[in-house]
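Thank you all for coming.

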Amino acid sequence: LMGSLNGLRILIVEDDALVAMNLQEFVESLGCTVVGPTGRLSEALAMLDSEEIDGAMLDINLHGEMVCPLAERLAERHIPMLFCSGYA
């Protein structure tokens with residue numbers, strides 16, 4: 001499994017700096033390259049347009065702004081994503 005992740009470019013969108021750092025460390029330990037991280041929807045949308053992205057890890061709520069527009073654009077491009085959230 002880890003070999004299949006090697007070299008993938010993963011966008012991390014998370015507004016909590018400590019969580020973003022931990023996610024980045026984890027993703028890099030799998031051999032992936034991190035795009036970002038960013039905690040702003042506008043920055044994440046810009047990265048989607050300017051960077052090669054193979055997958056994404058998304059916080060649902062970014063400083064009160066929902067990540068849905070980014071998730072929709074990722075889905076349109078058939079880019080796999082997962083949601084990371086503290087919501088119960």
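Predicted model: local features only at pLDDT ≥ 70, side-chain atom pairs only at ≥ 80, totals over all residues.

Within α4, the buried residues are Leu70, Ala71 and Leu74, and because they cover an arc of only 100 degrees around the axis, they sit on the same side of the helix. In general, an α-helix has 3.6 residues a turn, so residues three or four places apart point the same way. On the other side of α4 we find Glu72 and Glu76, which are exposed. Just after α4 comes histidine 78, which takes a positive phi of about 60 degrees.

Which residues does leucine 70 contact, if we leave aside its neighbours within four places in sequence? They are Leu11, Val13, Leu41, Ala44, Leu45, Leu48 and Leu58.

That brings me to the core. The largest nonpolar core has 17 residues, of which Leu11, Val13, Leu58, Leu70 and Leu74 touch the most other members. At least two residues of this core come from each of β1 (9-13), α3 (41-50), β3 (55-59) and α4 (68-76), and it is α3 that gives the most, with five residues. There is also a second, separate core of nine residues, and among its members are Ile12, Val34, Met57 and Cys84.

Turning to α3, the residue I would point out is alanine 44, which has its place in that helix and counts as buried, at 0% relative accessibility. Not counting residues up to four places away in sequence, alanine 44 touches Leu11, Val13, Thr38 and Leu70. As for valine 13, it lies 31 residues from alanine 44 in sequence, yet the C-alpha to C-alpha separation in space is 6.7 Å.

How many disulfides does the structure hold? The number is zero. For cysteine 32, the closest cysteine sulfur is that of cysteine 84, and because the two sulfurs are 13 Å apart, they are too far for a bond. Cysteine 68 also has its closest cysteine sulfur in cysteine 84, and at 15 Å that is again too far for a bond.

Key
Residues numbered from 1 in each chain as written. Heavy atoms only, no water. Disulfide = S-S within 2.5 Å. Core = buried A, V, L, I, M, F, W, Y, C linked by side-chain atoms within 4.5 Å. Buried < 20%, exposed > 50% of the residue type's maximum accessible area, 1.4 Å probe, protein only. Helix = DSSP H or I, 4+ residues; strand = E, 2+ residues; numbered from the N terminus. Contact = heavy atoms within 4.5 Å. Arc of directions from axis to C-beta.
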